[in-house]
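Visitor: I would like to learn how to read a fold from its contacts. Where do we begin?

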Amino acid sequence: MVYKLSAPLLYSFEAIDKYAEYNKRYEKAQIQLLFNAIPWPQSENFNEWFTLNRNNVQNPDILTYEDFDRYVQYAFSKGFDFVYLMNSPKVFNFKDFDPIADEFYALLDNLWKSGIRKIKFSNTQVAYLVSLYNPKFELSVGTLIEYSSISHFRALLSLFPAINHICLPKDLNQNFHMLQALKENFPNIEFELMVGEGCNKWCPTRLACQASSSTTFFNLGCNLCIEEKTAYNRIRNGAIHPWQLDEYSKRGFNHFKLFLEKTEDVNDIAVFIVC
């Protein structure tokens, strides 16, 4: 079975070329899907509600939507698919959405014109707004939604039938009974597992940190767990290691999301591909 890999679009033509080079060199693992969001400050509340993600850093080369689209189109030309991240778990009052509604819908129009058909969300309010405006978008569920039961997922899929892809919470990585139950109950959904994400799964502030725009609070959460990041705890932390991929593949899970933050990290993908 071929491993399907997702990796961030790091706004580097060199990184995209490296992805393409790996796909030519290694047949067992293929980088198929790239993901990210527009890396510049938009109007108040827009980033926090719709584009909060770990790779959404400032980039001096991207000042307009057209600048962003150049990298997406280059990725398409190299054979990659792309999912746009609207994966903030923050909830909001719909009356506060009205002042930025036009900006939000304009972004959806631009994404569609660019050939982007997939949007990943971690807040069902976002899924509702996207589905209402353009039901042709395919929806992908982000790991920050942190559902952990069959009933949760069944209700979610009944509300939003456009969902065809779910990135599962890392807490489920080693819960093989639950993984098997998900495959049996939802055979038409493509499930993705995250590898390499560094947060401790028992961290008491993990979700709040990931949803916070405050660097101070983010550091506080990491400092609370830093003493727990021993080799032993990393092993039981739910991380998926390269030598375990075959075991997951046997169970029908062959789509893995790679956690990278900068162009230099692209070289780390070779570790998973070679194994």
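Guide: Begin with the core. In soluble globular proteins, nonpolar side chains tend to be buried together. Here the largest nonpolar core has 76 residues, and Phe50, Phe68, Tyr84, Met86, Leu111 and Leu168 touch the most other members. A nonpolar core is a set of buried Ala, Val, Leu, Ile, Met, Phe, Trp, Tyr and Cys residues joined through side-chain atoms within 4.5 Å. Buried means under 20% relative accessible area, exposed over 50%, and partly exposed in between (1.4 Å probe, protein chains only).

Visitor: What kind of model is this?

Guide: This is a predicted model: local features need pLDDT of at least 70, side-chain atom pairs count only at pLDDT 80 or more, and totals for chains, interfaces and linings use all residues. Residues are numbered from 1 along each chain as its sequence is written, and side-chain values use heavy atoms, with hydrogens and water left out.

Visitor: Which residues does Tyr84 touch, not counting residues up to four places away in sequence?

Guide: Among them are Asn36, Ile38, Phe68, Leu107, Leu111 and Lys120. Contact means heavy atoms within 4.5 Å.

Visitor: How many helices and strands does the protein have?

Guide: The protein has 13 helices and eight strands. Both are DSSP runs, numbered from the N terminus: helices are H or I with at least four residues, strands E with at least two. Of the 275 residues, 51% count as buried. Among contacts with a separation of 6 or more, 75% join residues 24 or more positions apart.

Visitor: How do I read a helix pair?

Guide: Two packed helices are described by the angle between their axes and the distance between the axes. Axes are lines fitted to C-alpha atoms, for helices over the stretch in contact, and angles run from 0 to 180 degrees between N-to-C directions. Take α1 (residues 13-25) and α3 (residues 65-77): their axes come within 10 Å and cross at roughly 15 degrees. That makes α1 roughly parallel to α3. The cut-offs are under 35 degrees for roughly parallel, over 145 for roughly antiparallel, 65 to 115 for roughly perpendicular, and oblique for the rest.

Visitor: Which residues make the contact of α1 and α3?

Guide: Phe13, Ile16 and Asp17 of α1 meet Arg70, Tyr71, Tyr74 and Ala75 of α3. By class, that contact has five nonpolar, no polar and two charged residues. Ala, Val, Leu, Ile, Met, Phe, Trp, Tyr, Cys and Pro count as nonpolar, Asp, Glu, Lys and Arg as charged, and the others, Gly among them, as polar.

Visitor: At what angle do the axes of α7 and α8 cross?

Guide: The axes of α7 (residues 150-159) and α8 (residues 176-185) cross at roughly 30 degrees and come within 11 Å. The two helices are therefore roughly parallel to each other. Ile150, Phe153 and Arg154 in α7 meet Met178, Ala181, Leu182 and Asn185 in α8. The residues of this contact divide into five nonpolar, one polar and one charged.

Visitor: What should I look for in the loops?

Guide: Check phi. Most residues other than glycine have a negative phi. Tyr11 has a positive phi, near 55 degrees. Tyr11 lies in the loop between β1 (3-8) and α1.

Visitor: Is Tyr11 buried or exposed?

Guide: Tyr11 is buried, with a relative accessible area of 7%. Glu146 also has a positive phi, of about 55 degrees. Glu146 sits in the loop between β5 (138-141) and α7. With a relative accessible area of 29%, Glu146 is partly exposed.
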